[in-house]
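Please look over the sequence and the model shown below. The text after it goes through a few parts of the structure in turn.

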Amino acid sequence: MAAFSTTANTATAADERVNPLREGLRMQRTAPPCTMVIFGASGDLTKRKLMPALYALARMQRLAPNFHVIGVAISDWSDDTFRQHMRAGVEQFASPNDQLADGGDAASWASFASRLQYVAGNFDDPALYTKLGATLRALPGGDNVLFYLAIPPSLIATIGDQLARAGLNQVSPKGWTRIIVEKPFGRDLASARSLNQALHRVFDEEQIFRIDHYLGKETVRNIIVFRFANGIFEPIWNRRYIDHVQITVAESIGIERRGKYYEEAGALRDMVQNHLLQVLAVVAMEAPVRFEAGPVRDEKVKVISSIRPLLPAGAASHEVCAVRGQYGPGFVGGEPVAGYRDEANVAADSSRETFVALKLGIENWRWAGVPFYLRSGKRLPKRVSEVAIRFKSPPFLMFQDLIPGTGDTAIAANVLVIRIQPDEGISLRFEAKVPGTDMRLRPVKMDFQYGTSFGEPQPEAYETLLLDAMLGDGMLFARYDMVETAWALTTPLLEAWEQFPAPEFPNYAAGSWGPGAADEFIRRDGREWRRP
């Protein structure tokens with residue numbers, strides 16, 4: 001489990017009673033002294049996500065005073081140049097509480113910037129790692145090192161091997177060495193296994209942290225608490241009471257200058273294989289024996305392993321379990337937008353999917369017969385990520401006898417919606433009687449919102465994940481068997497799509513909720529997609 005700060009506290013018991021804030025601060029998790037080495041430090045991820053997250057942790061006093069960052073990249077920068085670029089990133093992308101626009105907190109930034117250093121070199125050059133090792137040894141707190149690979153997957157094996165040759169895969173016997181790997185973790189089952197083997201050649205599994213920012217989102221983390229800390233939900237969290245589950249990750253944006261990447265990836269690789277399956281695992285897993293990384297990740301792997309193959313032996317068509325789509329020109333937010341094939345670095349006849357809908361069945365005692373519908377797409381009407389759990393209707397509806405014309409379908413089902421983004425929160429829809437002398441029913445909502453309920457800002461996902469990695473808590477990171485199990489599920493479908501390109505692309509207009517085939521896909525089961 002993660003460590004907690006043990007700062008000495010000489011306050012009396014009376015002081016603790018009148019100052020509850022002191023107790024809250026005392027129990028805040030604080031990282032031990034360490035140095036974070038970012039490979040690819042001149043890239044977009046470092047500027048947009050990593051540096052704003054680290055600066056936020058520093059402002060919250062979650063980092064040790066002798067925490068340091070060493071940026072590593074091919075760009076010929078000095079320490080001061082690196083600091084200037086990182087300040088620009090914080091000014092542009094930090095959360096409102098941490099931004100430096102209009103001057104900001106000059107002393108806070110100066111203190112943080114003094115801990116930033118830069119080492120330039122080619123990732124395949126042994127001299128780079130000799131210089132990096134010398135820089136690490138000169139820093140206080142250099143016994144504990146966290147490597148962050150903000151680089152393309154093709155460079156992971158090269159950097160891992162070079163770190164091992166330089167003896168940096170275990171920097172000091174007195175401390176720890178860990179490595180964070182960004183997704184994608186391969187592009188199919190074979191490449192994922194090869195990548196894991198390359199990492200395991202030089203690092204133990206306990207040292208490897210495969211980061212998926214979705215698992216750092218507050219609402220995703222809250223699903224476990226919601227399920228297992230409340231006695232009223234877990235007893236009905238099964239096939240007896242739940243009709244089906246829908247997991248939606250919709251984006252109104254297009255591919256945003258990532259045409260070259262998206263042509264290689266597509267929606268199934270980019271979103272479903274990692275983000276959506278990770279969310280499904282949290283929703284559907286059994287209760288872990290302890291709230292610790294090992295037991296929690298064990299249960300996630302078990303539930304993904306229980307999913308019925310997407311293309312079972314002898315399947316006549318992949319259309320039975322999945323639908324794919326690609327957006328054409330349309331309107332989003334009232335503005336005209338181009339189709340996918342008109343985006344930069346995209347082939348004019350591209351068959352790459354920008355929309356995916358899947359039907360998954362989990363073959364275990366809890367979920368047998370309950371379909372899980374997953375969908376994700378670009379250029380949909382709005383940006384929204386949610387889990388919607390639709391409960392079964394009551395076994396007998398008496399109200400059709402009391403209200404002429406009311407049938408089984410007139411009463412809306414109870415729906416529990418967990419909103420991951422935006423407007424993070426949870427809502428429950430149920431039926432209530434409208435006040436008056438007549439018997440009229442109307443659906444109403446009980447709604448919980450993070451922003452208004454707690455009155456404090458939520459940490460960004462990378463803040464949580466970076467702190468957890470420094471503390472050695474792997475609960476929110478993907479283990480190797482989870483990665484390979486997810487690829488084992490999705491790779492047959494990817495191969496089928498490569499073998500049989502979709503001839504009808506584009507098949508949905510930008511600004512719509514996806515192809516009509518996706519609506520027919522779920523309608524065959526007598527169900528419909530939610531319109532968030």
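**A helix, a core and the cavities**

Helix α17 (residues 516-523) has Ala-518, Asp-519, Phe-521 and Ile-522 buried, where buried means under 20% relative accessible area, exposed over 50% and partly exposed in between, with a 1.4 Å probe and protein chains only. These residues lie on the same side of α17 because they cover an arc of only 155° around the axis, the arc being that of the directions from the helix axis to the C-beta atoms. Among the elements that cover the buried residues of α17 are β7 (242-250), β8 (322-325), β12 (355-361) and β13 (371-377). Helices (H or I, at least four residues) and strands (E, at least two) are DSSP runs, numbered from the N terminus.

This is a predicted model: local features need pLDDT of at least 70, side-chain atom pairs count only at pLDDT 80 or more, and totals for chains, interfaces and linings use all residues. Residues are numbered from 1 along each chain as its sequence is written, and side-chain values use heavy atoms, with hydrogens and water left out.

The largest nonpolar core has 151 residues; such a core is a set of buried Ala, Val, Leu, Ile, Met, Phe, Trp, Tyr and Cys residues joined through side-chain atoms within 4.5 Å. α11 gives the most to this core, with 12 residues. Leu-374 is one of the residues with the most contacts inside the core. Leaving aside neighbours within four places in sequence, Leu-374 is in contact (heavy atoms within 4.5 Å) with residues including Ile-247, Val-272, Leu-280, Val-356 and Trp-529.

How many cavities of 30 Å³ or more does a search of the whole structure find? There are four. A cavity is a set of points, on a 1 Å grid over the protein atoms alone, where a 1.4 Å probe fits but cannot get out; lining residues have an atom within 4 Å of a point. The largest cavity holds about 70 Å³ of space. Phe-185, Asp-212 and Gln-273 are among the lining residues of the largest cavity.

Two single residues remain. Asn-222, in helix α9 (residues 218-228), counts as buried because its relative accessibility is 17%. Leaving aside neighbours within four places in sequence, Asn-222 is in contact with Ile-426 and Tyr-450. Ala-56 is found in helix α3 (residues 44-59) and, at 1% relative accessibility, counts as buried. The C-alpha atoms of Ala-56 and Ser-95 are separated by 8.2 Å, with the two residues 39 residues apart along the chain.

Key. 1 Å grid on protein atoms, 1.4 Å probe; cavity = no way out; pocket = protein on both sides within 12 Å on 5 of 7 lines; lining within 4 Å. Points joined across faces, edges and corners; volume = space filled by probe spheres on them.
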